[in-house]
Amino acid sequence: MSSKAMVHKYGNHVDTDTILPGHYLDLSTAEELAPHCMKGLDTDFVARVRSGDVIVGGKNFGTGSSREHAPISIKGNGVSCVVAISYARIFYRNAINIGLPVFECPELVAEVKHGDAIDVDVLRGEFVLNGVLYKAKPFAATVQNIIQAGGLAPFVRQRIQQADPSPAG
């Protein structure tokens, strides 16, 4: 299923402190964190972002501390996915754990500009920019299942219920 999205493009080495500055770490829910997303880098992000939009970054997106608050704040703003050349591994894992798709697609990153409108198919990891199709590196089946479940915790709950569907579980 494809949808139209606006691109919010940033550069290389966007760290978790710029995605969500440290003084917001006493907050924990997506609703609390979302209004502070990208405050260390782009103070107008929250005013511009719309549900379904895409964040595009360069190399090593999400570097820095291991806090899961950064991807939670991104997802809390309704961002459909993040596309980058590469990710800091802990940010990548935290994003998957909360059900935020994070794609690697250097070809798209090289061509897309801040404010571009693109078609996004999150399930397939496909993006159309100016009539050109870009395909992201595919997820392993288990990772895709975790994302479709909405994160690791819902995925595990589903697996437990499938193994023992009785109400006592």
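**Reading helices, a sheet and a core**

Mentor: Helix 7 and helix 8 are roughly perpendicular to each other. Please keep in mind that this is a predicted model.

Trainee: At what angle do helix 7 and helix 8 pack, and how far apart are their axes?

Mentor: In general, two packed helices are described by the angle between their axes and the distance between the axes. Here, helix 7 (residues 141-149) and helix 8 (residues 152-163) pack at about 100 degrees, and their axes are 7 Å apart. An angle of 65 to 115 degrees counts as roughly perpendicular.

Trainee: Which residues of helix 7 and helix 8 meet?

Mentor: From helix 7 come Thr142, Asn145, Ile146 and Ala149, which meet Leu152, Pro154, Phe155 and Gln158 of helix 8. Sorted by class, this contact has 5 nonpolar residues, 3 polar ones and no charged ones.

Trainee: Let us turn to the sheet. In what order do the strands of the open sheet lie?

Mentor: As a general idea, strands of a sheet pair through backbone hydrogen bonds, either parallel or antiparallel. In this model, 7 strands form an open sheet in the order 4-3-2-1-5-6-7, with mixed pairing. Strand 4 (102-104) and strand 7 (132-135) are the edge strands, each pairing on one side only.

Trainee: Why is helix 4 described as largely enclosed by the rest of the structure?

Mentor: One counts the buried residues, those under 20% relative accessible area. Helix 4 (residues 69-76) has 6 buried residues out of 8, and it is therefore largely enclosed by the rest of the structure. They are His69, Ala70, Pro71, Ile72, Ser73 and Ile74. The elements they pack against are helix 1 (16-19), helix 2 (30-33), strand 2 (54-56), strand 3 (81-84) and helix 5 (89-98).

Trainee: Which residues touch the most other members of the largest nonpolar core?

Mentor: That core has 51 residues, and those touching the most other members are Ile19, Phe61, Ile74, Val83, Phe91 and Phe127. Helix 5 gives the most to this core, with 5 residues. Beyond four places in sequence, Ile74 touches several residues, among them Ile19, Phe61 and Phe91.

Trainee: Is Gly62 buried or exposed?

Mentor: Gly62 is buried, with a relative accessible area of 0%. This glycine lies in the loop between strand 2 and helix 4. Its contacts beyond four places in sequence are Val14, Asp15, Thr16, Ile19, Ala88 and Phe91.

How values were computed: Residues are numbered from 1 along each chain as its sequence is written. This is a predicted model: local features need pLDDT of at least 70, side-chain atom pairs count only at pLDDT 80 or more; totals for chains, interfaces and linings use all residues. Side-chain values use heavy atoms; hydrogens and water are left out. Buried means under 20% relative accessible area, exposed over 50%, partly exposed in between (1.4 Å probe, protein chains only). Helices (H or I, at least four residues) and strands (E, at least two) are DSSP runs, numbered from the N terminus. Contact means heavy atoms within 4.5 Å. A nonpolar core is a set of buried Ala, Val, Leu, Ile, Met, Phe, Trp, Tyr and Cys residues joined through side-chain atoms within 4.5 Å. Axes are lines fitted to C-alpha atoms, for helices over the stretch in contact, and angles run from 0 to 180 degrees between N-to-C directions. Angles under 35 degrees count as roughly parallel, over 145 as roughly antiparallel, 65 to 115 as roughly perpendicular and the rest as oblique. Ala, Val, Leu, Ile, Met, Phe, Trp, Tyr, Cys and Pro count as nonpolar, Asp, Glu, Lys and Arg as charged, and the others, Gly among them, as polar. Two strands pair if DSSP finds at least two bridges between them.
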